[in-house]
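Keep the structure open while reading.

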Amino acid sequence: MSCASSGFRAQMSKSRLAQKQSRARGIYPRRPEGERLPGAPPQARTGWFFAMTSSRPHAPRANDPADLGSVDRPVPAGVNAPGFGSDVVADALRLTGIPYIALNPGASYRGLHDSLVNYLGNAAPQMLLCLHEEAAIAIAHGYAKVTGRAMGAAVHSNVGLMHGTMAIFNAWCDRMPVVVLGATGPVDAARRRPWIDWIHTSADQGALVRGYTKWDDQPASPTAARESVLRANWIANTAPTGPTYVNLDAGMQEEKLSEPVAPVDAARLMPPMTFAADASLVAQAAAMLKDAKSPLILAGRCSRSEEGWTARVKLAERLGAQVVTDLKVAAAFPTDHPLHVGAPRMVALDAAAADAIRNADVILSLDWLDPAGTFKNAGGAKAKVIQVSVDHHLHNGWSMDYQALPPVDVFLACEPEAAVTALLAALGDGKPRPAAANAHPLPAPAGGKLTVDHMAHALRDALHGRDISLTHVSLSWNGASMPFRHPLDYLGSDGGGGVGGGPGISVGAALALKGTGRMAVAVCGDGDFLMGVTAIWTAVHYKIPLLFVIANNRSFFNDELHQERVARMRHRPVENRWVGQRISEPDIDIAAMAAAQGAKGFGPVESTADLPAALREAIAAVDAGHVAVVDVRVEPGYTAATTAVMTRAKSE
Ligand SMILES: Cc1ncc(C[n+]2csc(CCOP(=O)(O)OP(=O)(O)O)c2C)c(N)n1
Ligand SMILES: [Mg+2]
């Protein structure tokens, strides 16, 4: 036993005012030299600082942080007053401050398309053309993962929306804000062109996504559409954040305005909202934590703010609480801090974390994704439970992604940051409690064959000393491979388990990170990458630097393990697990698929000896502003613990 290092304590006091002012302008202030986050070793460069405040709609901003302004410039159209319904919708979009709108075009919103180009001049918001609607939504999802704010996405009538549904579901499960615009009609059948307008019109189109959006609407007039866009932005960005959908009647978009539309005070229609925990419940929770002998924090869905990160570390140290984090959501606590137990995992709970959960007497869940399921996986929990969450506000009758109902003794109905601040205040000053110091050994890849652990080891070496954001990891990724020491070090998973989200989400995250000094690094499985591969073109076209490393096991390997399990349960040959799963004969040339879209392709890398040079070259390409894709041919396999959980027959 030794004391948790006080070197992890908060060190962020300077330049608060400057940071706040910069944030209000919507730009990325640089952290003062020498300032570092708790959890970051002295030599690490923490680089640029990005802060978000949840539940606050975008403030309109004049600047374009990613500097995409030079791409896709239209000739000036000389239009300076709204003349059509869709011009009013475009004005509303600008009022939200949404900087970009990722889209795939369609006649159902040709009115809006024209307004964005010829009325707004393709700026604020700027269009990002995508080759598939799933990529458009995923890009907006990834952008929100970094900024906490909604970007726009536009999809064609029913068919475009149908293409986008999985990505909307992913954003919903990940509780990420996205404002989706769609279209239909003309709703007035007398105005429909034969055939095409009829197949693209459906009654209650919002029903396609209502189970996994926070709100949807089909406004009937330009002024109603303006209100609808502002409301969609307000609801999407209000905690618990999530996607919203506005369906724009083609007839309404294309109609000439008969009279000028009166201006609105947009800020007053999108008021910032926060939730505060009940003071007496905070006091109860603080007393429980103070008296606890083995307190444990489950650090779940937290914001990307550095202040929030620092406060969580302070709380854990103040309490001497062990902390568990999860690979399904973004970094919430330094994973190599002495109080962090084990490594974050996607599927199977780390053995040390399971022990800590079973042995805890008080558990503080900071919007943990699935407390009840986690207790079950750990083999039970005898602890009193303090739950911090506002997630119940969007639980509905369609989606069960709310997970099992957790047993709770004190419920703080607010966001984690508010609860942590309130708990710290209630606990008052006090010495950090002594606590066990957990070790965090890095995996030691062994053997001559190239495994995911070898790949991670080489990647860590190649990126040493840089500020990076892991925008995505493959299912085969070992959570112990790379420590997270900053809220932007890791951005979490796809949310809904929808394979194919990785590339788009990573492009959106890279867009938000562009110009911040942080390199976006995506680790994707080959299956995930191939389903979403066309998102790369958008990154190349808009000059968004990004490194993809493909853990290419030439298989939808996750499902090989499922087939193995079924075969075991049924006493059938497990050696057939690969049939209908392997992506080989022919092997897909992933580097060529990247190059075909203008990215730099590297590999296939088939030996550990060739890895460092390939990664070095790819990183140099990203430094030079390119999108680089490295095809790493890894041996199929997950961590031993995950494999054991997935393949064990029911009887074992
Ligand atoms: C849209 C969708 N289709 C199918 C699945 C089922 N599924 C889950 S994981 C997986 C394999 C993913 O393959 P890859 O990204 O190569 O990762 P690997 O398991 O090989 O490491 C599949 C097909 C899914 N989750 N989502
Ligand atoms: Mg695979």
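Two strands count as paired if DSSP finds at least two bridges between them. The model discussed here is predicted.

Strand β3 (residues 152-154) and strand β4 (residues 178-184) run parallel and are joined by three bridges. Within this pair, Gly 152 stands opposite Val 179 of β4. Helix α7 packs on the sheet, where it touches β4, β5 and β6 (243-249). The direction of α7 makes about 170 degrees with that of β6.

The sheet that holds this pair is open and has six strands. Their order is β2-β1-β3-β4-β6-β5, with parallel pairing. Which strands stand at the edges? They are β2 (126-129) and β5 (215-217). Each has a single partner strand, so one side of each is left without a neighbour in the sheet. From one strand to the next, the twist averages 20 degrees.

**The five-stranded sheet**

A second open sheet contains five strands, again with parallel pairing. Here the order is β8-β7-β9-β10-β11. The edges belong to β8 (322-325) and β11 (410-412). Because each of these has a single partner strand, one side of each lacks a neighbour in the sheet. The twist averages 15 degrees from strand to strand.

Inside this sheet, five bridges link β9 (residues 362-366) with β10 (residues 384-388), and the two run parallel. Ser 365 stands opposite Gln 387 in β10.

| Strand pair | Bridges | Opposite residues |
|---|---|---|
| β3 and β4 | three bridges | Gly 152 and Val 179 |
| β9 and β10 | five bridges | Ser 365 and Gln 387 |

**Helix pairs**

Two packed helices are described by the angle between their axes and the distance between the axes.

Take α2 (residues 85-96) and α7 (residues 222-236). They pack at an angle of about 25 degrees, and their axes are 8 Å apart. Angles under 35 degrees count as roughly parallel, so α2 is roughly parallel to α7. The crossing of α2 and α7 is right-handed. On the α2 side, the contact includes Val 88, Val 89, Ala 92 and Leu 95.

Now α10 (residues 279-291) and α14 (residues 416-427). Their axes come within 9 Å and cross at roughly 65 degrees. The crossing of α10 and α14 is right-handed. Helix α10 contributes Val 282, Ala 283, Ala 285, Ala 286, Leu 289 and Lys 290 to the contact. Helix α14 contributes Ala 422, Leu 423, Ala 426 and Leu 427. By class, the contact of α10 with α14 has nine nonpolar residues, no polar ones and one charged.

**The shell around ligand 1**

How many residues lie around ligand 1? There are 18, and those that come nearest are Gly 525, Gly 527, Asp 528, Phe 557 and Asn 558. Helices α17 (526-531) and α19 (557-569) each supply at least two residues of this shell. By class, the shell has five nonpolar, ten polar and three charged residues.

Methods: Residues are numbered from 1 along each chain as its sequence is written. Chains are lettered from A and ligands numbered from 1 in the order in which they are written. This is a predicted model: local features need pLDDT of at least 70, side-chain atom pairs count only at pLDDT 80 or more; totals for chains, interfaces and linings use all residues. A residue is near a molecule or strand if its C-beta atom, placed from the backbone, lies within 6 Å of it. Helices (H or I, at least four residues) and strands (E, at least two) are DSSP runs, numbered from the N terminus. Ala, Val, Leu, Ile, Met, Phe, Trp, Tyr, Cys and Pro count as nonpolar, Asp, Glu, Lys and Arg as charged, and the others, Gly among them, as polar. Axes are lines fitted to C-alpha atoms, for helices over the stretch in contact, and angles run from 0 to 180 degrees between N-to-C directions. Angles under 35 degrees count as roughly parallel, over 145 as roughly antiparallel, 65 to 115 as roughly perpendicular and the rest as oblique. A crossing is left-handed if the near helix is turned anticlockwise from the far one by less than a right angle, and right-handed if clockwise. Two residues are in contact if their C-beta atoms, placed from the backbone, lie within 7 Å.
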